[in-house]
Each structure stands twice: as structure tokens, then as C-alpha cells.
Amino acid sequence: MSFMTEGKLPPAREFVNALETHAPTFGVSLSEDATARLVRYFELVGLWNPRLHLVAPCTPQEFAVRHVLESLLAARYLREGVRVCDVGSGAGLPVIPCLVLRPDVTATLVEAATKKAVFLREALRAVGRQDAAEVVNERFERLAPPDDTVAAVTCRALDRFTELFPRLVEWTMDVKLLLLFGGESLRAEIERARMAYSSLLVPSSERRFLFVVERQ
């Protein structure tokens, strides 16, 4: 297990405690079933992380709050039954927690790194959502743009995000909703592209936001 813990509680229990403690701050309500699926996801990330560096070293509490609950902020903006395209999925954030919370949502996960794509397929199986999502092992800019079945694009951990942002804007031209996680440098790129947006400050953060871009 790659998560750092002080040893007072098993890592999974520490993760669950953090979810239960901080979920109300994020406006998230988790059923017992959803929590159990997220525990399986947490444990799988811990097993694969030493090899793939899916997330930076952190405690179970930090993973619960900074990664899982932050990701679930996006779920409130997804209308019933939508299909989402997650670009640069990496560890599966934000899309896998959203698929756990929202069984009505389906997704395409785009990930350029082959080993991470393998992890994503395993993670989808671990949380029981393998039939609701597909993993595409390719760079997004080499793919055809999303078709009209995709109602939203999410992006949280794309490498060189601000550098690739203009390409992402062009690639998603026909998508009505973009849910993008980042800081002030991403805000500057959004404003440079003259896109209408709103921003939600991530709880317990001073400089991290969820940017909601809605196209007409």
C-alpha cells in the first residue's frame, strides 16, 4: 500500500472516516454501497501507485478529500443519463468517483499511457462500472472529436494542461459542457479563449477551482 498512514487505523478505515466527515462540506451524500465501491477503488490505487505514480504520495484522508470528494464536485453538473468523455484520465479522477456516485452516467476515458489505461479498466471492474464505460488508449488530439452522444467533457489531470488547452477547446467544439479542474493559470487560458464560465472554489482550498464552461 503506497498511502502514508500514522498506523492508528487501517488505511481503508481512515479513508472511510475522511469521506464521512468531509462529504457534507462538498455537498456529497454517499450510500453504503457507493462508499464500499470507493474503498475498492482506493485500495486498487494504493496497489498500483508504486509502479504507475497515479497520484502524488498522500494519506488516506488526503486521497479521500483532495482526490475523491473534489472529483465528486463535478457530478452535480451532470444531467440525468449523460455520457461523459474524460480526457487524460490517469488515475480515473474525476470520472470514476462520478460513475460510482451516479449509476445513470456513462463515460469514455481517454488515456495516452498504456499501463494507466490497463489500470483504468481494472478500476472500472473493481467498482462494478465496466459495462458503463470504455477506455481509449490514445492522446485525445489524435482522436476524432466527441460525437453528439457526448454531453460533457471532464479534465482534471491532463499533462501540460494549459499548453494543450487550445487544442482541447477546438477538439470539444461541439460539446456543450466542460468541467475543468485547475488553478489561476487555467482560468487565464479560459479567459484568453473568451469562453463563458463560472468557477467553484474547491472546499478547503484557496487556489483550486472547478471551472464550468457552458456553450450555447
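F15 and F42 are both buried, where buried means under 20% relative accessible area with a 1.4 Å probe and protein chains only. The model is a predicted one, in which local features need pLDDT of at least 70 and side-chain atom pairs count only at pLDDT 80 or more, while totals for chains, interfaces and linings use all residues. Residues are numbered from 1 along each chain as its sequence is written, and side-chain values use heavy atoms, with hydrogens and water left out.

**Aromatic pairs**

- The whole structure holds 9 aromatic pairs, a pair being two rings of Phe, Tyr or Trp (its six-membered ring) with centres within 6.5 Å, called stacked if the planes are under 30 degrees apart, edge-to-face if over 60 and tilted otherwise.
- The rings of F15 and F42 are stacked, because their centres lie 4.5 Å apart and their planes meet at 5°.
- Since F15 belongs to helix α1 (residues 11-22) and F42 to helix α2 (residues 32-52), this pair ties together parts that are 27 residues apart in sequence; helices here are DSSP runs of H or I with at least four residues, strands are runs of E with at least two, and both are numbered from the N terminus.
- F15 also pairs with F63, and this pair is tilted, with ring centres 6.1 Å apart and planes at 40°.
- F63 is buried, with a relative accessible area of 0%, and F15 counts as buried at 0% relative accessibility.
- One aromatic cluster is formed by F15, Y41, F42 and F63.

**Helix α7**

- In helix α7 (residues 184-192) the buried residues are L186, R187, E189 and I190.
- These residues lie on the same side of α7, because they cover an arc of only 160° around the axis, the arc being taken from the directions from the helix axis to the C-beta atoms.
- The buried residues of α7 pack against α6 (161-171), β5 (177-182), β6 (197-201) and β7 (209-214), with contact meaning heavy atoms within 4.5 Å.
- R194 follows α7 and has a positive phi, near 55°.

**Largest pocket**

- The lining of the largest pocket comprises 26 residues, and G88, E111, A157, L158 and D159 lie nearest its centre; a pocket is an open set of points on a 1 Å grid over the protein atoms alone where a 1.4 Å probe fits, with protein on both sides within 12 Å along at least five of seven lines, and lining residues have an atom within 4 Å of a point.

Definitions and conventions:
Buried means under 20% relative accessible area, exposed over 50%, partly exposed in between (1.4 Å probe, protein chains only).
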